Amino acid sequence: MNNFEFKNPTKIIFGKDTIEKLESEIPKEAKVLLLYGGGSIKKNGIYDQVKTALSNVDVVEFGGIPANPEYATLMDALQIIKEENITYLLAVGGGSVIDGTKFLSAAAVYTGDTPWDILTQNIRTEKGMPFGTVLTLPATGSEMNSGAVITRAETKEKLAMGGPGLFPQFSILDPQVITSIPRRQLANGLTDAFTHVLEQYMTYPIGASLQDHFAESILQTLIEVAPKVLKDPTDYQAASNFMWSCTMALNGLIQKGVPTDWAVHAIGHELTALFGIDHARTLAVIAPSHYKYNFEAKKDKLAQYAERVWNITEGSTDDKAYAAIERTVVFFHELGIDTKLSDYTEDYEGTAEKISKRFTDRGWLGLGEHQDLSPDKVEKIVKMAY
Ligand code: NZQ
Ligand code: ZN
């Protein structure tokens with residue numbers, strides 16, 4: 001096991017009817033900017049619950065943060081933060097609203113000229129404006145981590161940012177919120193969380209038994225609850241296991257002391273930036289090709305995953321490893337997620353070269369757990385995913 005340090009300061013408030021607890025989490029004297037997305041919270045009653053809980057607090061609102069939170073929209077919110085002397089941010093939404101709020105938390109205290117530099121120059125935020133979240137969509141884990149991914153339509157870029165100052169102070173996780181989530185987004189959430197675990201697990205054995213078992217148990221739980229959640233989002237038991245699995249998949253715990261990959265996400269973000277494909281779906285497009293292309297380097301963990309998660313016990317290490325990739329593709333299909341780029345766009349020719357060039361230009365010359373996935377290899381993986 002590798003050496004590690006672990007600190008996660010986010011307070012989780014989990015369970016039925018917990019949104020009312022907002023009242024005791026936000027400082028009374030705060031001037032709050034309530035941030036939300038395209039308006040789903042106004043239809044499903046979450047907005048009303050939040051407003052009731054905040055009835056004694058000074059609140060300004062900013063709605064309209066789109067999926068894949070857009071820089072230009074967030075800059076409008078930043079202006080409000082400055083004009084209104086906001087002191088506390090509250091995200092009510094999925095990964096997009098929470099990530100947008102993290103960007104604002106960083107940008108509000110940033111002293112440079114252009115907040116976009118936070119993303120292009122990898123500026124870590126040590127201390128941002130304080131914020132909390134009410135999670136409405138289990139998927140990204142953003143509610144308990146310190147990372148964010150921001151999109152800029154103007155340049156078709158989608159870049160990550162983060163830092164220890166960007167953990168939410170608290171996150172409220174009421175599994176009942178999933179009852180209004182469309183099937184497509186539920187499938188996205190399951191796929192995103194599943195792939196988060198794979199990114200931190202599908203590398204090479206390092207003797208970290210507990211981390212492996214944690215990872216496998218999250219995968220098993222997601223597999224177990226997926227059909228239940230899709231069939232009946234009002235099934236509270238399934239919803240609560242789904243929600244907690246998504247949070248645990250990316251709150252930092254399972255990646256401690258082990259090698260991590262994250263190449264699937266790096267490549268996937270480009271597909272969202274170029275074609276607007278839902279984040280989770282880009283992962284389902286890239287992961288199978290990535291694992292096939294890097295088969296030799298990953299086959300021991302692939303075979304372990306085959307045995308422990310999918311109960312594939314017949315054959316050699318190679319046989320089991322290959323079968324595990326195929327079984328993963330079937331799982332995505334069972335969720336209703338397509339796994340080829342051509343399923344999403346007819347305009348895919350040239351994509352591999354474009355992504356490879358972008359990585360070269362950014363100096364991303366060696367991704368993956370061995371830092372040896374060079375842009376020419378990325379190009380081959382994307383082509384395999386056409
Ligand atoms: O905008 P509204 O009206 O709220 O509707 C949203 C949106 O259309 C809707 N929705 C959310 N909760 C709902 C609901 N509809 C009905 N009922 C509810 N309770 O769902 C749609 C998608 O929401 P979004 O927030 O975009 O989805 P998700 O949570 O999957 O977030 C995706 C974003 O997170 C980033 C992705 O790149 C993408 O930009 N990620 C963030 C990560 C992180 N911070 O750690 C890691 C991830 O790998 C990922 O990259
Ligand atoms: Zn993801």
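Is Asn311 buried or exposed? Asn311 counts as exposed, because it has 8 C-beta neighbours inside 10 Å. The scale is this: buried needs 20 or more other C-beta atoms within 10 Å of a residue's own, exposed means 12 or fewer, partly exposed is in between, and C-beta atoms are placed from the backbone. Asn311 sits in the loop between α12 (295–310) and α13 (317–334).

Now the ground rules. This is a predicted model, where local features need pLDDT of at least 70, side-chain atom pairs count only at pLDDT 80 or more, and totals for chains, interfaces and linings use all residues. Residues are numbered from 1 along each chain as its sequence is written, while chains are lettered from A and ligands numbered from 1 in the order in which they are written.

Next, confidence. pLDDT is the predictor's confidence in each residue, from 0 to 100. The protein averages 97, and 100% of the residues score at least 70. For the complex, the predictor gives an ipTM of 0.99 and a pTM of 0.98.

On to the domains. UniProt, in an unreviewed entry, puts "domain: Alcohol dehydrogenase iron-type/glycerol dehydrogenase GldA" at residues 9–175.

Residues 189–386 are 68% helix and 0% strand, and their end C-alpha atoms are 23 Å apart. Helices (H or I, at least four residues) and strands (E, at least two) are DSSP runs, numbered from the N terminus.

Now the sheet. Six strands form an open sheet in the order β1-β8-β5-β4-β2-β3, with parallel pairing. The edges are β1 (11–14) and β3 (58–62), each pairing on one side only. From one strand to the next, the twist averages 20°. That angle is on a scale from 0 to 180 degrees between N-to-C directions, with axes as lines fitted to C-alpha atoms, for helices over the stretch in contact. Two strands pair if DSSP finds at least two bridges between them.

Look at β5, residues 131–135. Five of its five residues are buried, so the strand is largely enclosed by the rest of the structure. Phe131, Thr133 and Leu135 point one way, and Gly132 and Val134 the other. β4 (residues 88–93) runs parallel to β5, joined by five bridges. There, Leu89 stands opposite Phe131. β8 (residues 170–173) is also parallel to β5, over two bridges. Thr133 has Ser171 of β8 as its bridge partner. β1 joins β8 in the parallel sense through four bridges, and Lys11 stands opposite Phe170.

Last, the ligand. Which residues are closest to ligand 1? They are Gly37, Gly38, Ser40, Gly94 and Gly95, in a shell of 33 residues. A residue is near if its C-beta atom, placed from the backbone, lies within 6 Å of the molecule or strand. Elements giving two or more residues are α2 (40–43), α5 (95–107), β6 (147–152) and α7 (183–201). α5 gives the most, with four. By type, the shell has ten nonpolar, 21 polar and two charged residues. Here Ala, Val, Leu, Ile, Met, Phe, Trp, Tyr, Cys and Pro count as nonpolar, Asp, Glu, Lys and Arg as charged, and the others, Gly among them, as polar.

Note on methods: UniProt positions renumbered as here; feature names shortened; annotations may be inferred.
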